[in-house]
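I looked up one thing at a time and put down what I found.

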Amino acid sequence: MAPSFDWWAKEGHRGTPVVVKMENPNWSMVELEGPSEEDFLIGDSLVRPRDKSRNKNAKQLTWVLLLKAHKAAGCLTSIASAMVSLGSLIKRRVRSGRTDTDVEVDVDGGRENENPTVKGRFYFCIKVFLWLSVLLLGFEMAAYFKGWHFGAPHLQLQYLLASPFGFKDIFDSLYSRWVLIRVEYLAPPLQFLANVCIVLFLIQSLDRLILCLGCFWIRFKKIKPIPKQDAIADLESGESGFFPMVLVQIPMCNEKEVYQQSIAAVCNLDWPKSKILIQVLDDSDDPTTQLLIKEEVNKWEQEGAHIVYRHRVIREGYKAGNLKSAMNCSYVKDYEFVAIFDADFQPTPDFLKRTVPHFKDNEKLGLVQARWSFVNKDENLLTRLQNINLAFHFEVEQQVNGVFINFFGFNGTAGVWRIKALEDAGGWLERTTVEDMDIAVRAHLHGWKFIFLNDVECQCELPESYEAYRKQQHRWHSGPMQLFRLCLPAIIRSKISIWKKFNMIFLFFLLRKLILPFYSFTLFCIILPMTMFIPEAELPAWVVCYIPATMSFLNILPAPKSFPFIVPYLLFENTMSVTKFNAMISGLFQLGSAYEWVVTKKSGRSSEGDLVSLAQKEPNHQRVASVPNLVEMKEELLQEKKAPKRKHNRIYTKELALAFLLLTASARSLLSAQGIHFYFLLFQGISFLLVGLDLIGEQVQ
């Protein structure tokens, strides 16, 4: 018999190879030997090889099955342990946590939390939807086990109309009436609302796509604002060059964690001492913090810095009132420009040299805005997701609007204003919680232009706890709606072009500030779960999956290192839509929480390089006329920072209720075999659950 030269044959083996494919990739392919033709011959000499081959194949198969069973048992054990640990973590957090329904006064200079009546109405509506979904899920499951299937609702309706008297019992009669009610009364308005939200969703997606194309064009053409060459030459020529009088303001309120680094960074700005004045605008109501900040100002004043300390006795208007009071000082008339930095911002020494020259020979330029960078963007998952949002905001939204229409919302800090533009716009007003956007809109209506510098960065902090981030987002989304109501008549009556009016009303306010949180919450948190219980109203898979994924991809382009977090980013943005929608409604209808102002909690983080450079620049000095016991206060403050603080988490009832609503809807989608909808609802529900239990970000101290 001729030898076999098959490439898969092993030397010394005969027979037909049999390939067994297993599901687990670690055991994907096992080669077993099958019996040859000679094994089927009758003979004593062939009995032993035959038995040996059988025993060998049986042993190999047994080992494979044992290994697979061991692997499956390991997976089940790990899943079980993970579920047990997650359950214990949730139980521990629920025991130690506080709910967001607890009335609590903010000690950092803010108002009380949201109006309990306003918050209760919103929470009550969500609870009604939740209990209805639970009841409907039980009803639908009972119908499913009685033979009602949901793959094609129109076929079920045809069956009902064809045999109206063929029902077996009362349950079938009730369910058939429920199907008719769905088809006749519930599905049409729900489908109409879904279509409206889809149209708004497509418009907003188109706007975002156009902004991304504009950013690509700016990069491709290398477009950037460049100051006049003679202004740069004047800076290099020494103090005799272009060094206008600049006023620097640092508004702060009970921010003892960051006051030192911000004051130090501003005092190290590279600008002639005779041409700059630093105002530390302290609105703190804590006596210890006041003494510490005042002592820090005295220290830098002794070192030669031109710096003054201001404290208001009557604290009205929050940050806007603080800035307005400072601008009323008699010496402000001697200054041409004002730079504003919040308490956690650390400008580089060349900040003024890279921003002020843009004003020379550009009399209509009112604002130069720098970009923010973050010292703690990699601190936790929450800060990483915030970095994605803000990177898109600066590099795409503000840069494109600054290049093509010379208008964007002032960010409230890290910017330089022409004082004449502030005065022409009417100065700082305390009528909203977004005084920065307010002054920018009024200045634009008076014809002033803005410049955004994407290559000039100013370091600051991101909120590290969800509680601080949620309060910040509430203020950022309620304030624009307040401002829109107040500014709409002025925008219509203004003398700017029709295109600029259209951009400000429909793009700046309605599309990006109102429509975005409205459709995000309504479409994905209300309509999508409802379509699971009213399947006659359909939401296409491309609305649920493909377009949101594409928009998330575009949003993450300015922060390419964050691509591994694209799925958490998509889920978290939908989760935050609850807070943004609630804030938008509060601002639009002037509800109690629309005027909520809470200072964003800071942790006092700074980059190591900045701390080293500031320590090297800060010489030894003698403290004269220091406040009694101030050294002990500072030591206590340092010990307080180093000592471990007791932390607690908050339980967010609205997010938890929506989590169970979405998870209930995902269970209902299983009955209809809707794959994409099921996975979206499942993961979105888990996202709401994690946020509701405060399992994202740092805990509140």
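**Entry 1: an enclosed helix**

I began with helix α12 (residues 435-445), where 11 of the 11 residues are buried, so this helix is largely enclosed by the rest of the structure. I note that this is a predicted model, and that each value below is to be read with that in mind.

I listed the buried residues of α12 by name: Glu435, Asp436, Met437, Asp438, Ile439, Ala440, Val441, Arg442, Ala443, His444 and Leu445. I then asked what covers the buried residues of α12. The cover includes the helices α8 (318-327), α11 (419-424), α13 (466-493) and α14 (498-533), together with the strands β9 (415-418) and β10 (449-460). Just after α12 I came to Gly447, which takes a positive phi of about 95°.

**Entry 2: α12 against α14**

Two packed helices are described by the angle between their axes and the distance between the axes, and I looked up both for each pair below. For α12 and α14 I found an angle of about 160°, with the axes 11 Å apart. Since angles over 145 degrees count as roughly antiparallel, that makes α12 roughly antiparallel to α14. The crossing of α12 past α14 is right-handed. On the α12 side the contact is made by Met437, Val441, His444 and Leu445, and on the α14 side by Lys500, Met504, Phe508, Phe509 and Lys513. Sorted by class, this contact has 6 nonpolar, 1 polar and 2 charged residues.

**Entry 3: two partners of α16**

I turned next to α13 and α16, whose axes come within 7 Å and cross at roughly 40°, which makes α13 oblique to α16. Here too the crossing is right-handed. The contact is made by Tyr466, Tyr469, Arg470, Gln473, His474, His477, Ser478, Met481, Gln482 and Arg485 of α13, which meet Phe572, Met576, Thr579, Lys580, Ala583, Met584, Ser586, Gly587 and Leu588 of α16. By class I noted 8 nonpolar, 8 polar and 3 charged residues in the contact of α13 with α16.

Helix α15 (residues 541-556) also packs on α16 (residues 566-588), at an angle of about 110° and with the axes 10 Å apart. The two helices, α15 and α16, are therefore roughly perpendicular to each other, and α15 passes α16 in a right-handed crossing. I recorded Pro548, Ala549, Ser552, Phe553, Asn555 and Ile556 in α15 as meeting Ile566, Tyr569 and Leu570 in α16. The contact of α15 with α16 has 7 nonpolar, 2 polar and no charged residues.

**Entry 4: positive phi in loops**

Most residues other than glycine have a negative phi, and I went looking for exceptions. Asn254 is not a glycine, yet has a positive phi of about 55°, and its place is in the loop between β4 (246-252) and α6 (259-267). Is Asn254 buried or exposed? Its relative accessibility is 7%, so Asn254 counts as buried. Asp361, likewise not a glycine, has a positive phi of about 60° and lies in the loop between α9 (351-355) and β8 (365-374).

**Entry 5: the chain as a whole**

Last, I took down the totals: the protein chain has 20 helices and 11 strands, and buried residues make up 49% of its 701 residues. Of the contacts with a separation of 6 or more, 81% are between residues 24 or more positions apart. The accessible surface comes to about 35100 Å², of which 61% belongs to carbon and sulfur atoms.

Note on methods. Residues numbered from 1 in each chain as written. Predicted model: local features only at pLDDT ≥ 70, side-chain atom pairs only at ≥ 80, totals over all residues. Heavy atoms only, no water. Helix = DSSP H or I, 4+ residues; strand = E, 2+ residues; numbered from the N terminus. Buried < 20%, exposed > 50% of the residue type's maximum accessible area, 1.4 Å probe, protein only. Contact = heavy atoms within 4.5 Å. Areas by Shrake-Rupley, 256 points an atom, 1.4 Å probe, with all protein chains shown as cover. Axes fitted to C-alpha atoms, helices over the stretch in contact; angles between N-to-C directions. Parallel < 35°, antiparallel > 145°, perpendicular 65-115°, else oblique. Left-handed = near helix turned anticlockwise from the far one by under 90°. Nonpolar A, V, L, I, M, F, W, Y, C, P; charged D, E, K, R; others polar.
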